[in-house]
Amino acid sequence: MSFLTAEWRKLIMANYEIDSAILEPYLPAFTELDFFEGKTYISLVGFLFKDVKLLGLPIPFHRTFEEVNLRFYVRHKESGKWKRGTVFLSEIVPKAAITFVANTLYKEHYSTMPMKHSWAENNGQLEIGYDWKLKKDWQHLSVKANATPREIPLGHFNEFITEHYWGYNRASDKQTTEYEVRHPRWQDYEVLDYTIQADFGKLYGNEFSFLSNAKPNNVLLAEGSAISVEGKKVIK
């Protein structure tokens, strides 16, 4: 049985090219950075968790909620084959119980903040937004997009960003936790405009503060799907 099942829907992904030297200290053991056309990327991601179940059981008052995370891309070789995955530097949710479970069992880096979202469709356009409150200041990530979904071409940058199916976290200097996230290939939407209001330095540390004034190389909106998070294992 899967540890967690849910839907991840309307994922906004703002993707920034970043110096690999900034990310290397965060690499879990037995992983290496995953490059797209010789460059490394970090992504600010906002989406909606829906219909959440732990070990097949719905948890009252924890079925639907927002998440915003900051992640980068890695790979791990097992039995001569590469597994492509993500490392989450930070994950924000509005539910303290989710933070406790994820940090305790999966060695994630969750924190709890007030959050809200908005979804609207008007005149063939989607307007999707996610907000989270850091102390007294609301942060914001939103897009306007064409409401017609489309297939993501093989080899496209958007495929690189969305097609990472493993999560890796540092358990210690010599141990890494690994878990699989199962989902079908996603469709995306043509993004027409976006807004990002985030204090990366206060949220994630001084080494990421430059992102507050940086223009992302790419902003995408993925439809998402049903997902499952499988049980973890330890690589050592």
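Q: Which residues line the largest cavity, and which of them lie nearest its centre?
A: In this predicted model, the largest cavity is lined by 15 residues, and those nearest its centre are W8, R71, T86, H164 and V181. Two or more lining residues come from each of β1, β6, β12 (166-172) and β13, with β1 giving the largest share, three residues.

Q: What makes this space a cavity, and how many cavities does the search find?
A: A cavity is a set of points where a 1.4 Å probe fits but cannot get out, and the search of the whole structure finds one that reaches 30 Å³ or more. The volume of the largest cavity is about 110 Å³, which is therefore above the 30 Å³ used in the search.

Q: Why is β1 called largely enclosed?
A: Buried means under 20% relative accessible area, and 11 of the 15 residues of β1 are buried, so the strand is largely enclosed by the rest of the structure.

Q: How do you know that β1 pairs with β16 and with β3, and in which sense do the strands run?
A: Pairing needs at least two bridges; β1 and strand β16 (residues 218-229) are joined by 11 bridges in the antiparallel sense, and 12 bridges join β1 to β3, again antiparallel.

Q: What makes the largest pocket a pocket, and which residues are closest to its centre?
A: A pocket is an open set of points with protein on both sides within 12 Å along at least five of seven lines, and the largest one here has a volume of about 400 Å³. It is lined by 28 residues, of which L4, F49, A102, Y110 and V229 are the closest to the centre. The elements that give two or more residues to this lining are β1 (4-18), β3 (40-54), β5 (65-78), β6 (81-93), α2 (96-106) and β13 (175-182).

Q: What makes a set of residues a nonpolar core, and which members of the largest one touch the most others?
A: The members must be buried residues of the nonpolar kinds, joined through side-chain atoms within 4.5 Å. The largest such core has 40 residues, and I42, L44, F72, W132, F200, Y204 and F208 touch the most other members. Strand β9 (residues 125-134) gives the largest share, five residues. A second, separate core of 30 residues includes L4, V93, A102 and V229.

Q: Which residues does F72 touch, leaving aside those up to four places away in sequence?
A: Contact is counted when heavy atoms lie within 4.5 Å, and on that basis F72 touches L23, Y26, L27, L33, Y41, I42, G85, T86, V87 and L89.

Q: Why is L134 called buried?
A: The relative accessible area of L134 is 16%, and the cut-off for buried is under 20%, so L134 is classed as buried. L134 is found in strand β9 and touches M113, Q139, K202 and L203, with residues up to four places away in sequence not counted.

Q: What makes β8 (115-122) and β15 (191-197) edge strands?
A: They belong to an open sheet of four strands in the order β8-β9-β10-β15, with antiparallel pairing, and each of the two pairs on one side only. The twist from one strand to the next averages 10°.

Q: How do you know that β10 pairs with β15?
A: Six bridges join strand β10 (residues 137-146) to β15, and the two run antiparallel; the criterion is at least two bridges, so they count as paired. Within this pair, L141 stands opposite I196.

Q: Why are S79 and K135 called exposed, and where are they found?
A: Exposed means over 50% relative accessible area; S79 has 75% and K135 has 75%, so both are classed as exposed. S79 is found in the loop between β5 and β6, and K135 in the loop between β9 and β10.

Terms used: Residues numbered from 1 in each chain as written. Predicted model: local features only at pLDDT ≥ 70, side-chain atom pairs only at ≥ 80, totals over all residues. Heavy atoms only, no water. Buried < 20%, exposed > 50% of the residue type's maximum accessible area, 1.4 Å probe, protein only. Axes fitted to C-alpha atoms, helices over the stretch in contact; angles between N-to-C directions. 1 Å grid on protein atoms, 1.4 Å probe; cavity = no way out; pocket = protein on both sides within 12 Å on 5 of 7 lines; lining within 4 Å. Points joined across faces, edges and corners; volume = space filled by probe spheres on them.
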